[in-house]
Structure formats: structure tokens, C-alpha cells
Amino acid sequence: MDRALDLAARGLGSTSPNPSVGAVILAADGTVAGEGRTAPAGGPHAEVAALTAAGDRARGGTAVVTLEPCDHTGRTGPCTQALIAAGVTRVVYAVADPNPLAAGGADTLRGAGVDIARGLGEQRAGHLSRYWRTAVRRGHPYVIWKYAATLDGRSAAADGTSKWITSERARADVHALRGEMDAIIAGIGTVLADDPALTVRVPGLHRAPLRVVVDAAGRTPPGARVLDDAAPTWIATAAEVGAGADGRVDLEKLLAALYTRGVRAALIEGGPTLAGAFLAAGLVDEVVGYVAPKLLGEGLAASGPAGVTTISAAIDLELTDVTRMGPDLRITAVPRRRS
């Protein structure tokens, strides 16, 4: 299962709208006969890739899979039927499939006489598949707000300069995070002020997440870097997406539209106004902060107004990880559920 999970991790960001799944086929004697991971949309699922690699050695063997095998026909056929046809006699999977269109695979396999075991590697599998599973349940992407700031919470100095608050190692980690995403979202203010490229620079990664500019009035300059050919871009205007009561782009409708485009994980890159709006709307699933041991005293805050006016209304977070990134810290947290 550890090997299957490693395979699934390698596919993050490349398989949407499908989940990234890893599979290992063990022959009847317990030796590894084949392995595979989900191909980009339209290509083979992990189980089919592993069965192809295993060939006849799959008969009488065991399939170890990170997600319950699917039981529906989409661009490809059901993995349950492929496993049954290959003569696999046992399937071990980590987490259940929450998609009502594809769920039920375990029951189908059990009905065909296949022995089923669930839960091995569940914690890690749940973490790896959290983007996709959350998105499928809600009908809009899992949203991460990423920011870089000084120890006193400033993302830019008083004169507007922000390069570079964090170290090269932290910035490389940001690109690795971008590489797991289907979309990178920025506000028009950031585009006008910084002209960011919003691309991924990871050696060997050839996939480009969708760049999304939240631009209610369509003010993105024709020469902006986000409009180059390095990656696809969507300028999301209020006229196209829909406007909220304040005339700005309706963020819930934006996320719903991104889901229909196949986006299951989205990263908010900037700026503070957009971050505050997502936080105020309760649309942030995870916060990843890169904090540098610097002090500015004044300057631009990492987040703008988030609908909090008193300490009792603070957005309460649970820390899930704190990691050193060279001289900096990467802090990961998720909102606590209010009772």
C-alpha cells in the first residue's frame, strides 16, 4: 500500500477531473506483478495500468489500490470489471469512493466472489485524496490560500516591494504546491501591481495549471504576463460569472464554474483583498503560510478584511503541519468546524 500511495502522490495535479490513484498487483505467490497510477483524463485508470503490467500473473492475485475501484463507465470502462476479468481474487483498498456515479465497486467485486479489505493506509490516502474527495462531495474545488509574510504578518513593505520575503527553498516549495493544483487564482489588484506569471517551475513537470484572474470589470491589460502562452488563462469577470451584492465576482459561482471545467484543487495566490473575500465567505479549506524571520513594522498585510470585527469571531484554525524551509517556516492549518 505504501508503494501504491507513492504512485498516487506522483500523479497529483495531472489527473483531474479524475482522482490520482495508485495500484499494485501482487501475483498469487505474493510477489509484485505490476503497478500503475492514473493517467491524465481519458487514459487508463491505475488498476487497468497495473493489470496491463501484470498480465497473466494477476490471475489468483491481489490488487492493492488507494481508492475503491470505480464501478461505472465514463471515458474508460469500470475498473471492477477489469479486475474480475483478470482473475484477481482479493482487493485491498484504502478509502471509499464518495462519487455516487462511481461508488459501489466493493459491492460489485464482493458479489463476484472477490475478497475485499478496506482501510489499510486510510490516513495517508485520505490526505492525498482530500482535494478530489472534498470537491466531488461539494461540487466545487478544494481551495488553499497560500501566502508569504514576515514574522509580523506583512506580505510587502510600505513601498510595495515584496521580492523576496522568503528564501529560495520556500519559493521552490511553493512551486511544488502549485504543481499539485488544477488552477491558480489571483485578483486583478495583484495582476495590475505585480504582473505575475502564475506558472509552475518544477523540473520535469510539463503540466500547466489554469490561471484564473478574478477581474470583475475586465481590467486585465492586454500585455499582462498571465495572457502569454505559458499556460491557459481565464479572466473571470462579473458579467460572465455573476456578481455578488458588492458588484464583485460571486466567488461561489466562480468555484462552481471551475468545477465544471474539471478543476478539483485551486490555489489562491493573491492578493490580500481576494484572500479576505474567500475567508469571509468561508470558502478556504486550507491555509499554507510561508513565514520569514523578518520584521517590517508596516506594509501590506497578508490578508484583507475577512468579515471579522471582534476576537470572538476570529476564524479558528487547527495546525496540521509546521516545517522548516531553510530559514523560514511553512505553516499548514485548516479551519476548525464550529459546533
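**View 1. Strand β6 pairs with strand β11 in this predicted model.** Here β6 (residues 142-150) and β11 run parallel, and four bridges join them. To find your place along the pair, look for W145: its bridge partner in β11 is I268.

**View 2. Strand β8 also pairs with β11.** Once again we have a parallel arrangement with four bridges, this time between β11 and residues 183-187 of β8. A handy landmark is A183, which stands opposite A266 in β11. As for β11 itself (residues 265-270), the strand is mostly covered, with six of its six residues buried.

**View 3. Y131 and Y142 make a tilted aromatic pair.** Y131 belongs to helix α6 (residues 130-138) and Y142 to strand β6, so the pair ties together parts that are eleven residues apart in sequence. Are these two tyrosines buried or exposed? Y131 is buried, at a relative accessible area of 5%. Y142 counts as buried too, with 5% relative accessibility. The cut-off for buried is under 20%, so both tyrosines qualify.

**View 4. The charged end of R171 sits over the ring of W164.** Zoom in on the tryptophan ring and you'll find that charged end 4.2 Å from the ring centre of W164.

**View 5. R261 lies over the face of W234.** In this arginine–tryptophan close-up, the distance to the ring centre of W234 is 3.9 Å.

Definitions and conventions: Residues are numbered from 1 along each chain as its sequence is written. This is a predicted model: local features need pLDDT of at least 70, side-chain atom pairs count only at pLDDT 80 or more; totals for chains, interfaces and linings use all residues. Side-chain values use heavy atoms; hydrogens and water are left out. Buried means under 20% relative accessible area, exposed over 50%, partly exposed in between (1.4 Å probe, protein chains only). Helices (H or I, at least four residues) and strands (E, at least two) are DSSP runs, numbered from the N terminus. Two strands pair if DSSP finds at least two bridges between them. Rings of Phe, Tyr and Trp (its six-membered ring) pair if their centres lie within 6.5 Å; planes under 30 degrees apart count as stacked, over 60 as edge-to-face and the rest as tilted. A charge sits over a ring if NZ of Lys or CZ of Arg is within 6 Å of the ring centre and within 35 degrees of the ring normal.
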